[in-house]
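Visitor: Hi! I'm new to this one, could you walk me through it?
Guide: Happy to. Here it is.

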Amino acid sequence: MDAEFDTIILGAGAAGLSAGLYTTRAMLKTLILESLGPGGQLLITDEIENYPGFPTGVKGPELAVDMEAQTTRFGAQIEYAEVEGLDAIDQPVKVVRADDREFTTRSIIIATGGAHNKLGAPGEDEFAGRGISYCAVCDGNFFRGQDVVVVGGGDSAIDEGLYLSGIVNSVTVVHRRDELRATRVLQERAFARENVNFLWSHVVEEFVGNEALEAARVKDLKSEEVYDYPAAAAFIYVGFHPQTDYLKGLVDMDPLGHVYTDIHMRTKVPGLYACGDARADSTRQLGAAVGDGITAALAAYHDLNG
Ligand code: NAP
């Protein structure tokens, strides 16, 4: 049986679109499967300052549109479907199942990235969409002029907290330790911002409210005091997990679900590659995702062409 595609790329984030740019330019018939919209994390990132070539920064959604246009210009086909599973992955013709459809291919590049973790606090699900958010760029405007909290102390929390501070009245970062994990330049910017406050060594025990979120019930880990901290919204940035559930039992993964690859992005299964945030040991940076995608595409091209 002939395969419909030379390669199917799972995910149209920065890694997947970069892989598609290279596979199509190498004349591999390429399908990119995407469940939401092209761009992945770019779509929920306001300003990107650390992607080379943009000295004054670039808006994530704008870069997403340009990356998609560049990749489709060379003939990559994008279909909107959620990947449900892979079959016959050890065969020359592999099958990708997505939204009750089946696609056949000679190779598969996994680029399904990851998503922000939930905190797991009571009230988090109840107030989702009514104050609880994982995307400042998407939801920040609903809370214009109000007081919000950001949970977490990494790059995402501080980056998004800085973005929110330009929209809302005040941002309070609730962090479980007394120092941030975020990059120093982001830390310094946040410390200098007048309407960004910090609740150090605090955790959120519960989200409380009526129709909508009204407060984060926080605990001071040093004094053990528990009190309600008023907030119209809580933006949660407590880490990131790979979206690789559909690969369980098929490829080697670390305990968190990141796919193991060699330096060429090959998994142990011939014809199966992984790149970007979904792979183990990724630095989870935009530039790294782009590089991973390109490396995976070149490996697929070499393997398919002997
Ligand atoms: P992260 O670096 O893993 O940080 C997660 C933060 O959440 C940490 O401060 C952690 O506290 C806290 N946390 C985790 N679990 C918690 C819990 N159960 N309760 C309370 N707090 C909890 O995740 P991230 O900020 O999403 O970043 C992910 C990756 O993307 C990183 O490699 C980052 O560099 C990259 N990234 C880069 C940029 C940029 O370059 N501008 C922007 C966004 C993301 P502890 O510090 O105590 O562990």
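Visitor: How many residues does helix 2 have, and how far does it reach?
Guide: This is a predicted model, and in it helix 2 covers residues 60-73, which makes 14 residues. From its first C-alpha to its last it reaches 20 Å, close to the 20 Å expected at 1.5 Å a residue.

Visitor: Which residues of helix 2 are buried?
Guide: Gly60, Leu63, Ala64, Met67 and Thr71 are buried. Looking down the axis of helix 2, you'd find its buried residues within an arc of 105°, so they line one face of the helix.

Visitor: And what does the face turned away from that buried side carry?
Guide: That face of helix 2 carries the exposed residues Glu62, Val65, Asp66 and Arg73.

Visitor: What covers the buried residues of helix 2?
Guide: The cover includes helix 1 (14-25) and helix 6 (286-304). Strand 2 (30-34), strand 3 (47-48) and strand 4 (58-59) are also among the elements that cover them.

Visitor: Switching topic: how many residues surround the ligand?
Guide: There are 18 residues around the ligand, and the closest are Asn50, Asp155, Ser156, Arg177 and Arg181.

Visitor: Which polar side-chain atoms lie by an oxygen atom of the ligand?
Guide: One belongs to Asn50, and that polar atom is 2.8 Å from a ligand oxygen. Asp155 has a side-chain N or O atom 2.7 Å from an oxygen atom of the ligand. For Arg176, the distance from a side-chain N or O atom to a ligand oxygen is 3.0 Å.

Visitor: How much of the ligand does the protein cover?
Guide: The ligand has 910 Å² of accessible area on its own, and the protein covers 75% of that.

Visitor: Now Thr23, is that buried or exposed?
Guide: Thr23 lies in helix 1, and Thr23 is buried, with a relative accessible area of 1%. The side chain of Thr23 reaches the backbone oxygen of Gly20 at 3.3 Å. Not counting residues up to four places away in sequence, Thr23 touches Thr7, Ile9, Leu28, Thr30, Ile109 and Ala297.

Visitor: One more! Where is Leu162 found?
Guide: Leu162 sits in helix 4 (residues 155-165). Leu162 is buried too, with a relative accessible area of 9%.

Visitor: What is Leu162 in contact with?
Guide: If you set aside neighbours within four places in sequence, Leu162 is in contact with Leu186, Arg189, Ala190 and Arg193.

How values were computed:
Residues are numbered from 1 along each chain as its sequence is written. This is a predicted model: local features need pLDDT of at least 70, side-chain atom pairs count only at pLDDT 80 or more; totals for chains, interfaces and linings use all residues. Side-chain values use heavy atoms; hydrogens and water are left out. Helices (H or I, at least four residues) and strands (E, at least two) are DSSP runs, numbered from the N terminus. The expected span of a helix is 1.5 Å times one less than its number of residues. Buried means under 20% relative accessible area, exposed over 50%, partly exposed in between (1.4 Å probe, protein chains only). The arc is that of the directions from the helix axis to the C-beta atoms. Contact means heavy atoms within 4.5 Å. A residue is near a molecule or strand if one of its heavy atoms lies within 4 Å of it. A polar contact is a pair of N or O atoms within 3.5 Å; within protein, one must be able to donate a hydrogen and the other to accept it, and residues adjacent in sequence count only if both atoms are side-chain atoms. Accessible areas come from the Shrake-Rupley method with a 1.4 Å probe; for residues, only the protein chains shown count as cover.
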